[in-house]
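Hi everyone, thanks for making time for this. I'd like to walk you through a model that may be new to you, so please have it open while I talk.

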Amino acid sequence: LLKLRLEVSSLSSAYSTKIKGGNYALGLQLPSQTVARAMSSLGGATPPYTTLAISRPTESITHVELHRPEKRNAMNSAFWSEMVTCFNELSEDAQCRVVVVSGAGKLFTAGIDLMDMMNSVLQPEGDDTARISWGIKKKIKKLQETFSVIEKCPKPVVVAIHGACVGAGVDMITACDIRLCTQDAWFQVKEVDIGLAADVGTLQRLPKVIGSQSLVNELALTARKMYADEAKSSGLVSRVFADKEAMMAGALEIAGEIAGRSPVAVQGTKINLIYARNHSVADGLDYIATWNMSMLQTEDLMKSAQAALEKKSPKTKTYSKL
């Protein structure tokens with residue numbers, strides 16, 4: 001179904017014309033600035049989604065755009081389920097090797113759509129405290145899956161942030177693998193300002209992303225804004241760009257580099273990085289040994305070695321789908 005939506009996308013057809021003659025399958029020779037401008041002006045959400053616009057700048061790169069610009073990409077009830085459906089499909093899509101996530105309009109996201117979501121939180125169903133509490137926990141666990149599904153996706157996810165990234169937006173980006181932003185971007189762990197502790201990922205992932213518990217505590221307890229330069233110096237993002245167009249071009253360049261490598265190597269690397277983050281060094285070493293006892297038995301290894309011997313990039317080789 002996802003493949004069908006992507007094939008009928010008018011944006012994809014425009015890309016096909018521009019990329020014709022390049023190594024389309026591996027995402028190489030991509031006219032980044034041209035495509036970046038197109039990616040920043042998608043026409044609307046991609047049916048059956050109502051909050052996401054899905055496109056393919058190349059055959060192996062999928063662009064997922066938060067698309068409620070009139071609502072500052074606030075996350076309504078439809079968004080929380082659509083993200084799960086989208087990333088579950090991408091996880092199984094052998095054609096997709098990398099995902100780029102961005103936001104439409106003036107900013108990345110204003111976070112949770114309070115008007116849409118608060119009724120389910122403030123008026124939970126249940127006959128007594130135990131049943132109400134049980135229902136609230138089930139709701140929270142379901143919301144957590146919206147961003148955990150990004151982390152579980154074996155394809156690397158590059159997120160490109162411009163303008164504001166507030167509240168649940170921080171929960172979301174900390175589940176992504178590579179974070180980029182524009183010079184005007186700012187980040188805010190907003191939850192204490194609305195009377196709750198962040199519960200869908202920030203408090204668990206942000207300390208592992210930044211590495212300074214003191215800074216994480218300050219951001220989470222004061223709800224102050226963190227701007228691009230501090231986000232870069234603290235490790236929240238790896239690159240800062242002058243504007244959105246340059247950032248999207250940079251995101252596509254990174255995605256193209258990843259897509260040009262062996263998908264066996266790339267997906268195995270992501271999975272083992274996440275495992276190592278949550279386990280001891282000894283456990284991580286044992287896990288990668290077990291992983292590679294089968295994953296080394298791949299033609300991708302010989303192709304990559306051949307490229308190295310020829311002093312060429314792995315991107316010059318064609319790897320089978322995974």
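Let's begin at F187, whose bridge partner in strand 8 is M226. This is a predicted model, by the way, so please hear everything I say with that in mind. That pair belongs to the contact between strand 7, residues 186–188, and strand 8, where the two strands run antiparallel and three bridges join them.

A223 sits in the loop between helix 9, residues 213–222, and strand 8. Its phi is positive, about 60°, even though A223 is not a glycine. Is A223 buried or exposed? With a relative accessible area of 3%, A223 is buried, because buried here means under 20%.

Now please move to strand 6, residues 178–182. Four of its five residues are buried, so this strand is mostly covered. Strand 6 pairs with strand 4, residues 157–161, in the parallel sense over four bridges, and there you can see V159 opposite R179. Strand 6 also pairs with strand 9, residues 239–241, again in the parallel sense, over three bridges. In that pairing, T182 stands opposite F241.

Strand 2, residues 61–66, is next. How many of its six residues are buried? The answer is six. Both faces are covered, with I61, H63 and E65 buried on one side and T62, V64 and L66 buried on the other. Strand 2 pairs with strand 1, residues 52–58, in the antiparallel sense over five bridges. The two form a hairpin with two residues between them, and L52 of the pairing stands opposite L66. Strand 2 also pairs with strand 3, residues 98–103, this time in the parallel sense over six bridges. Look for T62 there, opposite V99 in strand 3.

While you're in this part of the chain, have a look at the loop between helix 3, residues 32–39, and strand 1, where P48 is found. The peptide bond from P47 to P48 is cis, with omega near 5°.

On to a pair of helices. Helix 4, residues 77–92, packs against helix 6, residues 129–152, at an angle of about 30°, and their axes are 8 Å apart. That angle makes helix 4 roughly parallel to helix 6, and their crossing is left-handed. Which residues make the contact? From helix 4 we have F79, W80, M83, V84, F87 and N88, and from helix 6 we have L143, E145, T146, F147, V149 and I150. Sorted by type, the contact holds nine nonpolar residues, two polar and one charged.

One last stop: K311, in the segment after helix 14, residues 299–309. Phi of K311 is near 55°, a positive value in a residue other than glycine. K311 counts as exposed, at 79% relative accessibility, whereas A223, which also has a positive phi, is buried.

Notes
Residues numbered from 1 in each chain as written. Predicted model: local features only at pLDDT ≥ 70, side-chain atom pairs only at ≥ 80, totals over all residues. Heavy atoms only, no water. Pairing = 2+ DSSP bridges. Buried < 20%, exposed > 50% of the residue type's maximum accessible area, 1.4 Å probe, protein only. Axes fitted to C-alpha atoms, helices over the stretch in contact; angles between N-to-C directions. Parallel < 35°, antiparallel > 145°, perpendicular 65-115°, else oblique. Left-handed = near helix turned anticlockwise from the far one by under 90°. Contact = heavy atoms within 4.5 Å. Nonpolar A, V, L, I, M, F, W, Y, C, P; charged D, E, K, R; others polar.
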